[in-house]
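Please go through this briefing with the model open beside you. It is a predicted model. The points below are grouped by topic.

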Amino acid sequence: MNKSIELIPSQLRRDILRMVHAVQSGHPGGSMGCVEFFVALYFKLLRHVPEPFNMNGKNEDLFFLSNGHISPVLYSVLARSGYFPIEELNTFRKINSRLQGHPTTHDGLPGVRVASGSLGQGMSVAIGAAESKKLSGDKNIVFTLHGDGELQEGQIWEAALYAGAKKIDNLISTIDANGQQIDGSTDDVMPMGNIGAKFSSFGWEVIHLNQGNKLSEVINGIQKAIGRTGNGKPICVIMKTEMGAGVDFMSGTHKWHGIAPNDEQLADALKQLPETLGDYPI
Amino acid sequence: MNSYLNQGNKDTRSGFGSGLLHLGKTNPNVVALCSDLTGSLKMNAFADEFSERFFQTGIAEANMIGMAAGLTIGGFIPFTGTFANFSTGRVYDQIRQSIAYSGKNVKICASHAGLTLGEDGATHQILEDIGLMKMLPGMTVISPCDYNQTKAATIAIADYVGPVYLRFGRPKVPNFTSPEKTFQIGEADILTEGSDVTIIANGHLVWEALEAYNYLIANGISAEVINFSTIKPLDIKTLLKSVSKTGKVVTAEEHQRNGGLGDSISQALSLNNPCPIEMVAVNDSFGESGEPAQLLKKYGLDAENIIKAVNKVMKR
């Protein structure tokens with residue numbers, strides 16, 4: 001694997017922590033857990049044109065973040081891959097910013113094609129975009145990301161039923177299976193049972209990605225999913241991650257779902273994450 | 001007598017179906033989605049002739065609304081079809097986030113609105129949909145009055161870029177506007193010139209307002225009947241011009257008083273030119289099963305009640 005891509009995750013984690021620390025709000029836990037997924041997608045696998053950004057995305061792969069609360073990791077990867085200036089990360093959640101608490105098209109931020117935050121809606125939007133691609137003969141792929149807790153929303157299963165029944169085989173939906181949600185572990189809040197079996201029974205091909213915080217494994221897993229598109233079934237990637245991955249005291253707990261680190265915690269966390277690409281200026 | 005003749009009773013939903021078929025033939029970007037009510041929405045002709053541009057979602061309205069938002073990405077113009085109840089209240093958050101806030105060019109087309117849905121009863125007779133939709137920033141809200149106008153409005157909204165809520169109904173009602181007339185979003189139509197009172201109506205109650213006009217003119221009251229088929233954006237210019245002559249207003253609609261056309265008119269008048277107003281609308285109650293005409297009478301929405309409201313406002 002190209003050595004330089006391995007430098008990116010640490011910088012994304014620094015961005016995430018510095019962004020949420022600056023405004024003492026936001027969702028670092030899920031963001032940190034999905035860093036390798038976003039690096040794999042935006043720096044390796046997605047066929048996309050960051051500049052100039054085109055809303056219609058014809059002849060591009062599209063990505064929809066359905067669990068919009070992990071906006072810090074999306075904003076970081078969009079900025080770092082050229083959608084907008086890295087300095088703009090400093091405006092996250094502040095007044096008059098394009099980097100709203102949850103992602104939106106409303107303020108014209110390049111890289112965002114639909115608002116998300118109210119959970120469960122992104123898969124339906126992605127299916128519409130996938131149908132749009134099929135109708136116009138565009139062979140590119142539509143990707144989504146969902147939280148495992150988000151699967152408790154009923155609309156997800158309306159969408160999953162449609163995608164399986166209508167053979168939306170240009171869609172790859174990845175589930176961030178970190179086993180956590182705001183109120184606790186998914187097993188405590190609402191046990192999800194066998195997620196893979198659920199998607200299988202809805203007519204999806206299911207791929208298990210067991211090391212979602214190992215970049216090479218994520219690249220391999222998503223590449224495998226891409227190789228399975230066009231075969232009459234939508235693809236579901238169940239990606240095991242650790243919420244808060246990359247910082248010892250934040251890992252594997254729901255505690256950091258929506259809590260920002262204080263000054264001391266930030267310093268402690270940043271010590272564990274080398275500055276590889278240069279921090280954005282404050 | 002007013003000069004409007006009933007060309008024969010027709011349902012406004014068929015006007016939608018006919019307009020959609022026309023769009024299928026003339027605009028290759030128009031696509032349609034339906035949640036298992038293709039026959040009820042009169043979308044069959046489009047679905048049969050343009051099957052590749054028609055998406056049957058099954059009984060899953062939330063997914064349909066999300067898919068419509070997604071279909072705009074790539075340049076298509078999606079028209080969603082289901083009953084008004086399932087087009088609004090059931091999917092309010094999906095419309096709010098994925099369509100309105102996201103600025104998506106989706107046309108939400110809603111049939112079986114109001115009491116005149118009839119025998120199915122209050123579970124399906126939504127009387128709050130216009131209020132729900134007009135509160136959403138950037139949403140255009142239209143309730144045409146007959147078959148011809150519904151067809152014209154369906155065709156017109158395809159050329160407008162932005163989210164639209166188009167409301168129509170189930171029963172066969174008088175079809176009286178010109179089939180040649182094109183629809184202009186945001187323009188109210190003065191149907192009869194008058195000087196004593198302004199009657200503002202939309203949807204099925206425009207015909208009731210014209211019947212009221214006939215009675216009133218025979219009894220020495222000159223009513224200016226205006227069809228306010230676009231609730232948002234509201235044609236304030238036409239409203240104020242009429243009120244500057246009459247100084248008195250009656251509104252009539254098949255909707256709750258809270259959040260409906262009368263509420264918009266009242267707000268515009270309060271801000272610009274306060275004057276006496278009476279509202280013919282459902283007043284904080286649910287409907288019930290019955291025939292459309294029986295329901296309009298029982299809930300105070302027919303021509304007779306418009307006349308009563310005029311007599312009341314004339315004394316103020």
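In chain B, B:Arg53 and B:Glu52 pair through their side chains in a salt bridge, with N and O 4.0 Å apart. B:Arg53 is buried, because its relative accessibility is 8%. Over all chains, the count is 24 salt bridges.

**Salt bridges around A:Asp279**

- Side chains of opposite charge can pair when their charged atoms come close.
- A:Arg14 and A:Asp279 form a salt bridge, and their closest N and O atoms are 2.9 Å apart.
- A:Arg14 sits in helix H1 of chain A and A:Asp279 in the segment after helix H10 (263–271) of chain A, so this pair ties together parts 265 residues apart in sequence.
- A:Asp279 also forms a salt bridge with A:Arg18, where the closest N and O atoms are 3.8 Å apart.
- That pair, too, links distant parts of the chain: A:Arg18 is in helix H1 of chain A, A:Asp279 is in the segment after H10, and 261 residues separate them.
- Which residues make up the network of salt bridges here? A:Arg14, A:Arg18, A:Glu275 and A:Asp279 are linked in it.
- A:Asp279 is partly exposed, because its relative accessible area is 22% and the cut-off for buried is under 20%.

**Helix H1 of chain A**

- Helix H1 of chain A runs over residues 8–23, which makes 16 residues.
- At 1.5 Å a residue, H1 should span 22 Å. The C-alpha atoms at its ends are 23 Å apart, which agrees.
- Of the 16 residues of H1(A), 14 are buried, so the rest of the structure largely encloses this helix.
- An α-helix has 3.6 residues a turn, so residues three or four places apart point the same way.
- A:Gln24 follows H1(A) and has a positive phi, near 50°.

**Interface of chain A and chain B**

- The size of an interface is often given as the accessible area lost when the parts come together.
- Chain A and chain B bury about 2,300 Å² between them. Carbon and sulfur atoms account for 55% of that area.
- In chain A, the residues that lose the most area to chain B are A:Gln121, A:Leu135 and A:Glu158. Together they make up 25% of what that side buries.
- How many residues does each chain bring to the contact? Chain A gives 30 residues and chain B gives 27 residues.
- Polar contacts do cross it: 20 residue pairs are counted between the two chains, with both residues at pLDDT 80 or more.
- On the side of chain A that touches chain B, strand S1 (62–65), helix H5 (122–135) and helix H6 (154–165) each supply at least two residues.
- H5(A) gives the largest share of that side, 8 residues.
- By class, that side of chain A has 11 nonpolar, 14 polar and 5 charged residues.

**Cis peptide bonds**

- A:Glu51 and A:Pro52 are joined by a cis peptide bond, with omega about -5°.
- A:Pro52 lies in the loop between helix H3 (35–45) and S1 of chain A.
- In chain B, the peptide bond from B:Lys232 to B:Pro233 is cis, and omega is near 0°.
- B:Pro233 is placed in the loop between strand S12 (230–232) and helix H9 (236–246) of chain B.

- A:Lys167 is not a glycine, yet its phi is positive, about 55°.
- Where does A:Lys167 lie? A:Lys167 is in the loop between H6 and strand S3 (171–177) of chain A.
- B:Lys42 is not a glycine either, and has a positive phi of about 60°.
- The loop between strand S2 (30–34) and helix H2 (44–49) of chain B holds B:Lys42.
- B:Lys42 has a relative accessible area of 32%, so B:Lys42 is partly exposed.

How values were computed
Residues are numbered from 1 along each chain as its sequence is written. Chains are lettered from A and ligands numbered from 1 in the order in which they are written. This is a predicted model: local features need pLDDT of at least 70, side-chain atom pairs count only at pLDDT 80 or more; totals for chains, interfaces and linings use all residues. Side-chain values use heavy atoms; hydrogens and water are left out. Contact means heavy atoms within 4.5 Å. Buried area is the accessible area (1.4 Å probe) that two parts lose on being put together, summed over both. A polar contact is a pair of N or O atoms within 3.5 Å; within protein, one must be able to donate a hydrogen and the other to accept it, and residues adjacent in sequence count only if both atoms are side-chain atoms. Helices (H or I, at least four residues) and strands (E, at least two) are DSSP runs, numbered from the N terminus. Ala, Val, Leu, Ile, Met, Phe, Trp, Tyr, Cys and Pro count as nonpolar, Asp, Glu, Lys and Arg as charged, and the others, Gly among them, as polar. The expected span of a helix is 1.5 Å times one less than its number of residues. Buried means under 20% relative accessible area, exposed over 50%, partly exposed in between (1.4 Å probe, protein chains only).
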